[in-house]
Amino acid sequence: MLRNYFRIALRKLARDKFSSAINIGGLAIGMSVALLIGLWVFDEVSYDRSIPDHEHIAAVLQNQEISGGIQTWWGEAKQLAPALRNDFGDRFKHVATVFGPASQPLTAGDTRLKASGAYADPDISDMLSLDMVRGDRNALGDQSSIILSTSVAKGLFGTHDPIGKIVKVSDNELHKVTGVYADLPANSSFSNYGFLIPFAFKEHADSNIARLNWGNSWFTTFVQLNDKEDMTAASLAIKDVKLRYDASEKEAKPALFLHPLDDWHLYSDFSNGVSVGGNIRYVRLFGLIGAFVLLLACINFMNLSTARSEKRAKEVGIRKAIGSLRGQLIGQFFSESMIIVFLSYILAIGIVVLLLPFFNELAGKKMMVPFANPWFWLAGLSFVFITGILAGSYPALYLSSFRPVKVLKGKFRVGKLAMLPRRALVVLQFTVSVILIIGTIAVFRQIQYVKDRPVGYSQQGLVMIPIQSDDVNKHYDAIRTELLQTGLVTDVAGSAASPTNIFSTNGGFSWTGKDPSFQDEFVSNFVTPEFGKVTGWQIIRGSDFSREMSVDNHPIIINETAMRYLNLKDPVREVLTRDHGNERYTIVGVVKDMISESPFEPVRPMIFFLTKNFINAVDIRVQPRYSMNQALAAIKETFNKYDPKDIFEYQFADQEYAKKFGDEERVGRLAGVFTTLAIIISCLGLLGLSAFIAEQRIREVGIRKVLGASVFTLWRLLSREFIALVGLSLLIGGPLASWIMYGWLKNYHYHTELSWWIFVATAGGVISITLLTVSYQAIRAALANPVKTLRAE
């Protein structure tokens, strides 16, 4: 019986090649989209799950009342980890302070490279269950030790054994290699841990870190709970630890809590002290898109199968007349559906293999099709079965319900009621397409809107050199003088953070009119006097820094937001004090807001402190009349002269700023690709349906043509039903898309509006695509020779 089912199904596919090609092609596209999105979603939800004890690992975060609201910080004091070990040893198996990760130059013999790594307590090895290729997890016991990932070890030592060898980190740290561990997976929060150095070394070697107290939240604290410990209970237990050890923080009401490792990637956005999601919104978005695209492909199959029901009505009637039961007919039609779905799935696998490299580049992933994983094939077969049932259910139930007496007497006709489900499916199909089109346009409009937001400084020709060595601080004036003498640069400045980043945040200031209970916070940066000239910031009050100003007098410049934050009409010459009045900072100027953080968020109050030698970045404005390559060659030569130990690297301000749009642009590109595929699938279904209707009405077209109907009249006759259905889709999809995208745009403080032209352009585009798709079959039928069509009848 089953063999007979499949034989008949294959004959039908071979007999009706056009319809079969549309069905298989449309389903294959839909399934390939669903598979690609499925791989992406799996990669997202499995983030950090490769760490064996991931469910017991958490980061310690803190909420503080600042500026009238609650802010959430990842940073903690270095004293927290020892306090947790001492006070909660029964709850935590491992506790580790981590400083980093950050990119640093590593030198072994004549080999130099830059790698990202961190300073961490020894517990980090057991916490992450590092797979030690050489050495063991106790390799961080000695303060002067360093353990390397396999890729970093290979980059430094090639095929030689690195154990016992000396590695110079930055320009002043010597460490002995005591272990090598396997690279951590790409979909892990620790994938950029290329090396690990004991935190104790950094604490003792760096006097700045050694003197930090509970008020300096520069570090990250990770914990691993005991196997039977409850995450929520442990989180509540540590809530007041900071207050217990540092009473000076009581006004900010710091409250510690545990943020589970499993939530870092998808649930790391906080608002007013509460998790409000994060990347999970993209998982849900693309999960829905994948389901919708697959649904569109299934709708095509159902539409084309039911549309051709009249051609199979006699077959059903004869089968029933000779004793076939309805269940057997349903089995026949489901077998046809399963064959089509299975062939589509095989084709979809091929499409996924071909497109995966492109998709990985688009999505910023390193995914692979897990052919060796039996769960993949089990999921694939389940996928085929579910899709086959979904796609074949309506045709199977509909076609098997025909009454044999009516069919064999020739009285069976598809009435208006039978057309309703098909029309409803077409409307649903194009409604989804309309929503996807409007949504994609809105995403790109939002990105462009924020890109057009004034950044507050000039990015063109601005080069930023990240600094790892103290040699640059020592020789900064000489470097600046030599670069100016080349004539290739306009000016040179130093800063603790480049214009596209922030250095830190500070609070505890007092000023005229401040409410004593108000907890303030300012973003801070330390800059040399030339910073304003180099960046091209705009002074709106007071004056810029100058080389005549003394650092000891503590002059500062604030941004517009800080001026409003201070609630001072004329802040110039106003004094901010700290440390019970021992530190006094005089405001000498106000600049327009500069976007150094996310361009999608409001600019925070910012203070620029004058410095002469606190430099982590050198910012250089290149003369526009010279080529960038020529200027970079001179800059590199100068830096190598004064800082030969460091690896020269540079960044362009405009490119670094563009990276801030990475997630949104990635979402926009992916949405654009999937929307295009959804439209293609919808058009394939429309093409097949219009071909069937043109074939069904060929006799009517012939008679009308004999009676004098023009080609235009016949084209309008065959096209108007589809235009009406698409018009209804626009009426439904437009408001739905508006409601969905309005909710999405509300997530951004700065957002565009849904302009009327988006809906008009979408309507025009969808109607044009519909006309182009339908017109081919309609005009073909209208141009057919009526003599031939009527003679055939």
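## Exercises on rings and a helix

Arginine 453 lies over the face of tyrosine 750, 3.8 Å from the ring centre. A charge counts as over a ring if NZ of Lys or CZ of Arg is within 6 Å of the ring centre and within 35 degrees of the ring normal. The model is predicted: local features need pLDDT of at least 70, side-chain atom pairs pLDDT 80 or more, while totals for chains, interfaces and linings use all residues. Numbering runs from 1 along each chain as its sequence is written, and side-chain values use heavy atoms, without hydrogens or water.

**Exercise 1.** Classify the pair of phenylalanine 509 and phenylalanine 522.

*Solution.*
- Step 1: take the rule. Rings of Phe, Tyr and Trp (its six-membered ring) pair if their centres lie within 6.5 Å; planes under 30 degrees apart are stacked, over 60 edge-to-face, the rest tilted.
- Step 2: apply it. The centres are 5.6 Å apart and the planes stand at 90°, so the pair is edge-to-face.
- Step 3: check burial. Both phenylalanine 509 and phenylalanine 522 are buried (under 20% relative accessible area; exposed is over 50%, partly exposed in between; 1.4 Å probe, protein chains only).

**Exercise 2.** Describe the span and the kink of helix H26.

*Solution.*
- Step 1: locate H26. This helix (a DSSP run of H or I, at least four residues, numbered from the N terminus) covers residues 756-783, 28 residues.
- Step 2: compare spans. H26 reaches 39 Å from first C-alpha to last, close to the expected 40 Å (1.5 Å times one less than its number of residues).
- Step 3: find the kink. H26 bends by about 40°, centred on serine 775 (the angle between axes fitted to the seven residues ending there and the seven starting there).
- Step 4: check burial. Ser775 is among the buried residues of H26.

Definitions and conventions
Helix = DSSP H or I, 4+ residues; strand = E, 2+ residues; numbered from the N terminus.
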